[in-house]
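Please open the model in a viewer and keep the selection panel at hand.

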Amino acid sequence: MTGQEAYHGARIEDPALLCGEGRFLDDLDPFPGTLVAAIVRSPHPHARIRDIDLERARSYPGVATVIGPAEVSAALKPFPLSVRTPMPYLPSAIDRARYVGEPIAVVVASNRYTAEDAADLVSVDYEPLAAVVDTRASLDPHAPRLHEDADSNIATDRTFSFGDVAAAFAGARKTVRGEYSFPRYSSTPMECYVVIADWRNTAEGPQVVAHANFHGPFSMLQVVAGSLGIPTSSFRLIVPPDIGGSFGIKAAIYPYVALMAVASKHAGRPVRWTEDRGEHLLASSAGSDREMVFEAAIDDFGVISALRVDLVDNVGAYLRPPEPSTLYRCFGNLTGAYRIAALEVRARAVVTNKAPTGLNRGFGGQQLYFGLERLIDEIAVHCELDPAEVRRRNMITADAFPYATPSGGIYDSGDYPRALSMTLENADYIGLRARQAEARVRGELVGIGLATVVDPSATNIGYVGLATPEADRQAGRGKSGSTEHVRVSVDPQGIVSVMLGTVPQGQGHATVARQVVAAQLGLPLHQVRPIVDMDTATTPWTISSGSYSSRFSPLLTSALCEATDRIAETLRAAASVLLQTDPEELELADGVIRVRSDHQRSVQFRHAAGLVHWDPGALPDGANGRLYEDAAFRPPQSTTAARTDQINSSLCYGFVAELVLVRIDPQTFELTVEQVVTTHDAGTVLNTTLLQGQVHGALVHGLGGAIYEELRYSDAGQPISATFMDYLCPTSAEASFDLVAAELQTPSPLTRLGAKGCGEGSSMSLPVALANAVADALRPLGVEIDRLPLHGDVLYRLVNRARAS
Amino acid sequence: MKAAAFAYCRPATVEDTVAELQREEAKVIAGGQSLVPVLAMRLARPRTLVDINSVAGLGRLDLDDDALRIGATVRQRCVELDARAGVVPLLRLALPSVGHRELRSRGTVCGSLAHDDPAAELPSVLACLGGSVEITGPTGFRRVTADQFFLAAMTTATQPHELVTAAFFPIARRGEGFGFGEFARRHGDFALAGVCVKVSMAQAIVATIACFGVADGPVVRDVSGLLESMLTDGPDTTEDTVRDGISAVAGDLAYDIVDTDGDVHASREYRRTLLSVLLSREIARAYHDAVRSMREVS
């Protein structure tokens with residue numbers, strides 16, 4: 001089997017979900033008699049905890065235990081961080097609260113009502129401290145200091161230089177520079193965090209079993225076990241078959257796993273905690289907000305010779321792992337779609353009195369491309385060129401692959417100019433510009449925005465190492481990898497089970513796994529049964545396992561191919577006995593194993609499987625007699641960071657060329673997205689329905705960040721978007737813009753099926769494409785766009801400011 | 001996010017309801033679309049919740065010669081769909097902007113009036129039309145006109161021991177026309193600015209506006225003189241002429257009306273801009289509607 005037919009059709013996950021039969025963690029009761037927790041949280045952005053009184057809560061009827069700073073600091077060590085900065089992070093505050101919503105105490109009771117009643121009785125004596133929430137303000141050495149042992153609020157500060165940047169800038173005809181801000185927003189999964197933890201003391205020491213709607217990266221298991229002070233093998237994590245969305249946000253559930261383990265230890269019973277929406281908006285996770293400066297050295301034709309980038313991420317009160325990865329996830333593709341030989345990057349993360357940040361669909365990409373793609377449009381303005389033309393002049397051409405970027409990325413495949421052309425043609429770009437010119441004459445505000453972004457997938461987690469200077473990185477302790485594990489087995493009746501450790505959050509992994517395995521083994525779909533429940537005690541997994549960075553399509557399906565290759569080999573051996581022929585003559589197709597040159601000579605798949613189970617003595621010499629196969633797909637291109645600080649930060653690099661057409665009402669400044677035209681290259685398309693769903697979802701996620709959603713704080717550090725009344729997610733009514741989505745397929749040479757990831761592309765491109773469109777619409781009025789979100793109130797202010805000056 | 005403990009009763013008659021409301025810190029629940037989130041966040045902790053959904057007679061929609069009478073448990077969605085409510089065109093214009101359909105299928109018209117959120121549509125509809133509210137207490141019921149009913153943000157003439165039993169929306173007459181508009185961040189959100197307009201061309205020109213989302217309650221203004229000054233061609237003046245004429249002065253009117261601090265969604269200045277656009281659009285639309293109404297009948 002060499003090719004895969006892209007599959008359309010219903011997902012096998014959907015009947016249960018549509019009938020209310022999904023198995024989400026809050027529906028399950030793995031430990032009868034489980035108690036329920038409520039969390040007392042800090043109302044202060046920054047305060048010393050002078051005293052805490054838990055006794056009234058402890059004596060409230062129905063309360064089993066209340067844990068606070070004393071219990072947590074006795075039971076847990078600070079989580080191991082990605083860098084050595086002394087900013088200890090625990091799941092709850094010990095002597096100081098550093099953001100509104102930081103856990104202070106946990107009340108465990110017979111039910112949530114009682115737990116919340118008793119939580120009201122916890123009294124904390126706070127001494128409020130000065131708070132800092134602004135990124136640049138926090139860089140100031142005189143800013144309120146969050147962590148007393150650190151000598152500033154800067155959690156990490158590294159500078160990288162590739163190529164002769166100074167010479168390029170010195171020799172440049174022009175330089176174009178832009179300062180940009182990217183806001184903090186989330187993905188607001190429908191289901192919030194759920195943890196059930198059971199602490200047991202055994203002869204071999206403490207054993208913790210936790211159920212959680214956690215989806216990786218499973219490197220976090222080491223972080224939790226490290227905090228608990230137990231071996232990873234004593235910490236078993238079970239993930240339910242259904243997770244109600246995450247988009248990265250639920251990766252940050254792990255501190256609560258540790259916290260509830262301690263609560264269970266003190267309660268002597270399993271403890272369940274279900275996060276409510278208020279808690280989620282206050283203190284779960286979000287993409288980090290970023291201040292950045294981009295500067296390009298260009299020639300007279302708008303061709304870029306070098307790029308200088310200064311990034312400052314606001315990671316909230318703690319550098320919660322896997323932060324500062326927002327800075328590094330896109331390290332190999334910092335120069336985007338363009339041939340830029342010289343690059344200098346300063347990457348800083350600063351702590352402030354806001355909630356900690358983490359993974360969010362597009363992780364690092366929306367921040368990076370907001371700067372890079374706004375700068376490309378600025379170059380177009382400076383050179384009086386069309387923004388599409390500037391992109392074309394700088395783009396990596398189709399004949400340049402594999403293409404090595406200055407920062408270490410190896411782009412595997414692509415045809416960027418063609419993808420851009422497809423988008424421009426599908427949008428009738430020339431006609432659109434002509435109509436825009438006419439509309440301007442009529443006084444209408446119409447804008448066209450482009451973004452062309454490299455969409456990394458199958459992260460090589462080795463990029464985390466870059467936060468540590470090369471001299472401090474220990475030999476033999478490198479980190480790398482984008483490995484995925486899978487187990488495929490065939491029962492005596494020929495039914496194929498596929499056990500995945502990819503912990504889907506609703507993406508349809510089971511549907512695609514079934515489709516891929518059925519195609520590889522020549523079986524009808526119904527003969528393949530994927531199992532997506534995850535149990536670290538039984539499911540094959542590794543450090544890099546999990547559902548993040550669009551790993552499933554490139555990595556897991558490759559692992560499936562490796563496993564099914566071996567299964568097929570065993571079955572051909574069995575069939576060769578039944579057909580009295582050489583196994584090499586046989587192929588698997590149409591539910592049978594047949595002679596390639598004579599399809600009439602065949603045996604049923606299940607008969608061959610039956611022979612392996614019932615009559616292994618009949619197998620030829622050398623046949624392994626095994627119908628279960630564990631496979632690990634371990635791409636050799638994913639290696640640890642080089643001494644030169646270069647890294648191939650992803651295995652695959654897809655592409656998105658996006659165009660957004662906006663209209664702004666000249667009276668009310670209401671912003672309307674009239675059309676989105678997008679072309680995605682995710683390599684080989686495995687499932688057209690799911691690819692389209694990912695494109696739609698990522699677009700609307702980007703739309704949220706671009707227009708509606710922002711986790712805002714007052715200057716004093718109080719969250720001011722703490723409910724869905726103020727944190728506005730786009731609904732179907734806001735997402736009804738005209739959409740033209742096309743696919744270009746340049747298969748990856750590095751994955752078995754040529755597939756790349758496709759879950760995040762438009763999350764990275766839509767925010768900046770929309771900003772470019774708004775900038776284009778308002779350019780005649782002298783308005784510059786350097787931040788998001790953009791909506792009527794913001795545009796009104798910008799236009800009035802431009803008119804005043 | 002779980003409510004604090006409360007007692008719950010579900011009386012069957014208005015008399016029993018009023019009797020239950022004599023308890024300390026009792027609160028009425030009908031559709032619960034505003035109250036339940038407030039309870040869950042423990043921002044309100046009533047001792048008793050008096051559920052009026054089983055009270056006989058409160059679910060009625062009645063029509064008399066003057067008004068549409070909407071009982072206390074009539075859902076907004078019912079009014080939106082019931083043909084009898086067509087006699088109050090402004091209500092029908094406004095209802096699709098009240099939350100989302102799912103919310104309207106539970107939320108009641110009277111509950112929205114009694115809650116009196118400054119950004120809600122229905123209080124301004126009632127105020128614009130000069131409707132009234134029936135309040136029942138231990139000594140019987142009284143009718144309170146809209147201008148006496150809405151006192152301040154989230155504050156009405158209803159006493160804690162009383163129940164809003166019905167609202168009366170005046171029926172549209174010949175020569176009357178209506179306009180309704182609002183701006184919100186998203187469909188279904190509370191308005192950043194909104195306006196209800198009633199214009200009567202039957203005898204003297206009478207024009208009334210009620211604005212919402214811009215102050216601590218409905219802001220009602222008589223704009224008859226303003227409209228009349230725009231009718232340069234008498235009743236033959238076009239809608240466009242009226243709109244353009246009003247837009248020249250709507251900014252000043254909006255400046256006078258908007259009395260709210262900005263928030264995360266819109267500054268005070270932006271609300272003024274939005275309201276001025278709404279005023280010129282909707283007064284002109286209501287005028288046009290009134291002229292059409294005159295001509296249709298004659």
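Into which domains is chain B divided? Chain B consists of domain 1, residues 1-172, and domain 2, residues 176-297. Please bear in mind throughout that this is a predicted model.

**Stop 1: chain B as a whole**

The chain contains 11 helices and 14 strands. Its radius of gyration is 20 Å, close to the 19 Å that the globule rule gives for 298 residues, so chain B is as compact as a globular protein of that length. Along the principal axes, the C-alpha atoms of chain B fill a box of roughly 65 × 45 × 30 Å. Of the 298 residues in chain B, 48% are buried. Among the contacts in chain B with a separation of 6 or more, 65% are between residues 24 or more positions apart.

**Stop 2: the two domains of chain B**

Colour residues 1-172 and 176-297 of chain B separately, as domain 1 and domain 2. The centres of these two domains of chain B, taken over C-alpha atoms, are separated by 26 Å. Their contact takes 24 residues from domain 1 of chain B and 22 residues from domain 2 of chain B. On the side of domain 1 that touches domain 2, the elements giving two or more residues are helix 4 (89-94), helix 7 (122-129) and strand 8 (150-152) of chain B. Helix 7 of chain B provides the largest share of that side, six residues. By class, this side of domain 1 of chain B has 16 nonpolar, four polar and four charged residues.

**Stop 3: helix 7 of chain B**

Now select residues 122-129 of chain B, which form helix 7. Is helix 7 of chain B largely enclosed or open? Eight of its eight residues are buried, so helix 7 of chain B is largely enclosed by the rest of the structure. The buried residues run from B:Leu122, B:Pro123, B:Ser124 and B:Val125 to B:Leu126, B:Ala127, B:Cys128 and B:Leu129.

**Stop 4: where chain A meets chain B**

Show both chains. How many residues does each chain bring to the contact? Chain A contributes 22 residues and chain B contributes 16 residues. On the side of chain A that touches chain B, helix 4 (112-119), helix 9 (277-283) and helix 20 (792-804) of chain A each supply at least two residues. Helix 4 of chain A gives the most, with four residues. The side of chain A that touches chain B has six nonpolar, seven polar and nine charged residues.

**Stop 5: the domains of chain A**

The assignment gives domain 1 (16-129 + 190-245 + 249-283), domain 2 (289-462 + 640-804) and domain 3 (483-633). Taken over C-alpha atoms, the centres of domain 1 and domain 3 of chain A are separated by 39 Å. The contact takes 16 residues from domain 1 of chain A and 17 residues from domain 3 of chain A. Helix 7 (219-228) and strand 11 (235-239) of chain A each supply at least two residues of the side of domain 1 that touches domain 3. Strand 11 of chain A gives the most to that side, with four residues. The residues on this side of domain 1 of chain A divide into 10 nonpolar, five polar and one charged.

**Stop 6: A:Cys192**

Select A:Cys192, in the loop between strand 8 (174-182) and strand 9 (194-202) of chain A. Is A:Cys192 buried or exposed? A:Cys192 is buried, with 22 other C-beta atoms within 10 Å. Leaving aside residues up to four places away in sequence, A:Cys192 touches A:Thr274, A:Glu275, A:Asp276, A:Arg277 and A:His280.

**Stop 7: a helix pair in chain A**

Finally, select residues 509-521 and 552-579 of chain A, helix 15 and helix 16. The axes of these helices come within 10 Å and cross at roughly 35 degrees. The crossing of helix 15 and helix 16 of chain A is right-handed. Show side chains at the contact, including A:Val512, A:Val516 and A:Gln520 of helix 15 and A:Leu560, A:Thr564 and A:Ile567 of helix 16. By class, the contact of these two helices of chain A has 10 nonpolar, four polar and no charged residues.

Technical notes: Residues numbered from 1 in each chain as written. Chains lettered and ligands numbered in written order. Predicted model: local features only at pLDDT ≥ 70, side-chain atom pairs only at ≥ 80, totals over all residues. Domains from an automatic or database assignment. Contact = placed C-beta atoms within 7 Å. Nonpolar A, V, L, I, M, F, W, Y, C, P; charged D, E, K, R; others polar. Axes fitted to C-alpha atoms, helices over the stretch in contact; angles between N-to-C directions. Left-handed = near helix turned anticlockwise from the far one by under 90°. Rg over C-alpha atoms; globule rule 2.2 N^0.38 Å. Buried ≥ 20, exposed ≤ 12 C-beta atoms within 10 Å, placed from the backbone.
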